[in-house]
Amino acid sequence: MARDFDSARKLYVRGCQLNDGRGCLRLADLYAEGRGVKASSGRARNFYTQACRLKDAEGCDSLALDLVARKSYQQARRHFESACELGFAPACVSLGLLYERGQGGKSDPQRALGYFSKPCNEFSQ
């Protein structure tokens, strides 16, 4: 099955322009992976930021992962926390790891445990 990334990009751009966080997220993914567009981590980061501002949990998580890769742990904590609060369980675990390791601030094993258990305690009901 052939993939039409140009058509997808146009739809994602339109969605993002209409303040659809998922459209911004998917557009960011295209730029991050260089699918149908020239790869650009900067453009991807901008669209992940926009997705996060629009309360897309995966957009916040993707932005946080980018920040971890750049060792901006304090900012990563903030965006993992946003994604976690929006119900994206993997972000809670990632946030717990940052607290456990003391990345982006003081190590806090109790807080880490809270984030590790949050998906089980809150999202599984």
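## A right-handed disulfide and its model

The S-S bond of Cys52 and Cys60 has a torsion of about 95 degrees, so this disulfide is right-handed; a disulfide here is a pair of cysteine sulfur atoms within 2.5 Å. The model is predicted, so that local features need pLDDT of at least 70 and side-chain atom pairs count only at pLDDT 80 or more, whereas totals for chains, interfaces and linings use all residues. Residues are numbered from 1 along each chain as its sequence is written, and side-chain values use heavy atoms, with hydrogens and water left out.

## Disulfides and the remaining cysteine

The count of disulfides comes to three, and with bonded cysteines counted along the chain they follow the pattern 1-2, 3-4, 5-6. In the pair already described, the sulfur atoms of Cys52 and Cys60 lie 2.1 Å apart, and both residues are buried, where buried means under 20% relative accessible area, exposed over 50% and partly exposed in between, with a 1.4 Å probe and protein chains only. Another disulfide joins Cys16 to Cys24 at an S to S distance of 2.0 Å; the torsion about this bond is about 95 degrees, so the disulfide of Cys16 and Cys24 is right-handed, and Cys16 and Cys24 are both buried.

Cys84 and Cys92 also form a disulfide, with their sulfur atoms 2.1 Å apart, and because the torsion about their S-S bond is about 100 degrees, this disulfide is right-handed. Cys84 is buried, with a relative accessible area of 0%, and Cys92 counts as buried at 0% relative accessibility.

## Helices and overall dimensions

The chain has seven helices and zero strands, both taken as DSSP runs numbered from the N terminus, with helices (H or I) of at least four residues and strands (E) of at least two. Read along the sequence, the pattern is α-α-α-α-α-α-α, and the C-alpha trace spans about 45 × 35 × 30 Å along its principal axes. Of contacts (heavy atoms within 4.5 Å) between residues at least 6 apart in sequence, 40% join residues at least 24 apart.

## The nonpolar core

The largest nonpolar core has 29 residues, and those with the most contacts inside it are Tyr31, Phe47, Tyr48, Ala76 and Phe80; such a core is a set of buried Ala, Val, Leu, Ile, Met, Phe, Trp, Tyr and Cys residues joined through side-chain atoms within 4.5 Å. Two or more residues of this core come from each of helix H2 (21-33), helix H3 (41-53), helix H4 (57-69), helix H5 (73-85), helix H6 (89-101) and helix H7 (109-123), and the largest share, six residues, comes from H2.

Leaving aside neighbours within four places in sequence, Phe80 is in contact with Asp61, Ala64, Leu65, Val68, Ala91, Ser94, Leu95 and Leu98.

## Burial and surface

Of the 125 residues of the chain, 37% count as buried. The chain exposes about 7300 Å², of which carbon and sulfur atoms supply 48%, the accessible areas coming from the Shrake-Rupley method with a 1.4 Å probe and, for residues, only the protein chains shown counting as cover.
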